[in-house]
Amino acid sequence: MFQRTTAINKIKRMTKRIKVIQGGTSAGKTYGAIPVLIDRAIKTPRLKITIVAETIPAVKDGSVDIFKEIMQGTGRWREKGWIGNPMEYTFSNKSRIQFKAFDTVGKAKASGKRDILFLNEGNHIAYPIADALMIRSKETYIDFNPDNEFWVHTEVLTESNSEFLLLTYKDNEALPKETLEDLMIKQEKAKISKYWANWCKVYIDGEVGQLEGTIFNNWKQIDSIPKEAEFLGYGKDFGFTNDPTTLIALYKWNSKLIWDELIYEKGLTNPQIARRLKDLGVNPKDDIVADSSEPKSIKEIKSYGFAIKGAEKGKDSIVFGISLLQEYEMLVTARSINVITEFRKYAWDKDREGNTLNKPIDNYNHCIDAMRYIAVDKLAKGKKKKKTKYYA
């Protein structure tokens, strides 16, 4: 059910041409901006509003889902108003909200002018593209988590036509109690870990920080999987209530690894997982390497005819799997938004003094664990597990 929050009220009161909304996780930034834009569209005929994210998959799984949820939750959704390709909703007063992503400045310029622009997770959008869009917009909203200082701080907030709003989870009365519980757990971790202290600074307090010690820097995005790529198998991690179940496909191409995210969802039972595998066209003979700590789940899914087995684990298996993945250049499909998120945030833990520990944080690893399982199974033959070696 839709709930009007403090975040919505604060965003609605912003008046300058460029509105910068910085905040922590679950602060209601996007859930606050989109209702404001819907209200603007309904009250002003023939408005053109463009919502932009880093990639089309990020748009679909982010702002589009939120837009539909709010429209349906407030009884405003008209099925005939929606066009799926291109993604655009037209209101009865001819106002339009369109959802886009741009990978070049030329495409951003060619998109034309608009009344209102919303750069969702603006820190993931290149400045030349953002600038080309903002110049052609009468008004701009930008939201983001402050992982690092970026162009909005150095280029936008230095101008007199911009204003700044800081939001935290306390501004979001619609925050699920489970999410609040997770945030409080991380605050406890922050008392003994410099990594988590900095995480809380960024994602709870909404202040600019820097996530140091990111483990994977050897990757980049690709739009699609080359036809020449060799399919190796799938990695799977199990979850249910608090953690998602994941399925990641592994390909090899020109000595590079390609990862394609196929499942990332909470609440899936084993029969539902088996149904998803069938719907995805997983061949019963294709290798699936899964979390070996779930033997019952592996046995049940195997009973549906799939070639699933448990991953090899043991002392230092996590560090060994990480070091193995670091040996390759890795490519990630643009639709694999949770893999991309984990690559950006998975880091080595640190103690209170800031010393890097020989273990990664136990978070942002649901896709990465699945990737380790299949990578070790397919690529680690003849390699010795290193007890202490890692690359920060």
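**Helix contacts, sheets and a pocket in a predicted model**

In this predicted model, Asn-338, Val-339, Glu-342 and Phe-343 of α12 meet His-366, Cys-367, Ile-368 and Met-371 of α13.

Me: How do the residues of the contact of α12 with α13 divide into nonpolar, polar and charged?
Reply: On the α12 side the contact has Asn-338, Val-339, Glu-342 and Phe-343, and on the α13 side His-366, Cys-367, Ile-368 and Met-371. By class, the contact residues are five nonpolar, two polar and one charged.

Me: Are α12 and α13 roughly parallel or roughly perpendicular to each other?
Reply: The axes of α12 (residues 337-345) and α13 (residues 366-379) come within 8 Å and cross at roughly 95°. Angles of 65 to 115 degrees count as roughly perpendicular. The two helices, α12 and α13, are therefore roughly perpendicular.

Me: At about what angle to β10 does α13 run?
Reply: Helix α13 lies across β10 (230-237), β11, β12, β13 (287-290) and β14. These strands belong to an open sheet with mixed pairing, in the order β9-β15-β12-β11-β10-β13-β14. Relative to β10, α13 runs at about 135°.

Me: Which are the edge strands of the open sheet of seven strands?
Reply: The order of this sheet is β9-β15-β12-β11-β10-β13-β14. An edge strand here pairs on one side only. The edge strands are β9 and β14 (307-310).

Me: Which residue is the bridge partner of Ala-249 in β12?
Reply: Strands β11 (residues 245-253) and β12 (residues 256-265) pair in the antiparallel sense over nine bridges. The bridge partner of Ala-249 in β12 is Asp-260.

Me: Why is one side of β3 and of β8 left without a neighbour in the sheet?
Reply: The open sheet of eight strands has mixed pairing and the order β3-β4-β5-β2-β6-β7-β1-β8. Strands β3 (82-83) and β8 (162-167) stand at its edges, so one side of each has no neighbour in the sheet, as each has a single partner strand.

Me: Helix α5 runs at about what angle to β6?
Reply: Helix α5 (residues 127-135) lies across β1 (18-23), β2, β6 (114-119) and β7 (137-144). In the sheet order, β6 stands between β2 and β7. Relative to β6, α5 runs at about 155°.

Me: Which helix and which strand each supply at least two residues of the lining of the second largest pocket?
Reply: The second largest pocket holds about 370 Å³ of space. Of its 17 lining residues, the closest to the centre are Glu-54, Thr-55, Phe-102, Asp-103 and Asp-223. The lining divides into ten nonpolar, three polar and four charged residues. At least two lining residues each come from α3 (56-73) and β9 (219-222).

Definitions and conventions: Residues are numbered from 1 along each chain as its sequence is written. This is a predicted model: local features need pLDDT of at least 70, side-chain atom pairs count only at pLDDT 80 or more; totals for chains, interfaces and linings use all residues. Side-chain values use heavy atoms; hydrogens and water are left out. On a 1 Å grid over the protein atoms alone, a cavity is a set of points where a 1.4 Å probe fits but cannot get out, and a pocket is an open set with protein on both sides within 12 Å along at least five of seven lines; lining residues have an atom within 4 Å of a point. Grid points are joined across faces, edges and corners, and a volume is the space filled by probe spheres set on the points. Helices (H or I, at least four residues) and strands (E, at least two) are DSSP runs, numbered from the N terminus. Ala, Val, Leu, Ile, Met, Phe, Trp, Tyr, Cys and Pro count as nonpolar, Asp, Glu, Lys and Arg as charged, and the others, Gly among them, as polar. Two strands pair if DSSP finds at least two bridges between them. Contact means heavy atoms within 4.5 Å. Axes are lines fitted to C-alpha atoms, for helices over the stretch in contact, and angles run from 0 to 180 degrees between N-to-C directions. Angles under 35 degrees count as roughly parallel, over 145 as roughly antiparallel, 65 to 115 as roughly perpendicular and the rest as oblique.
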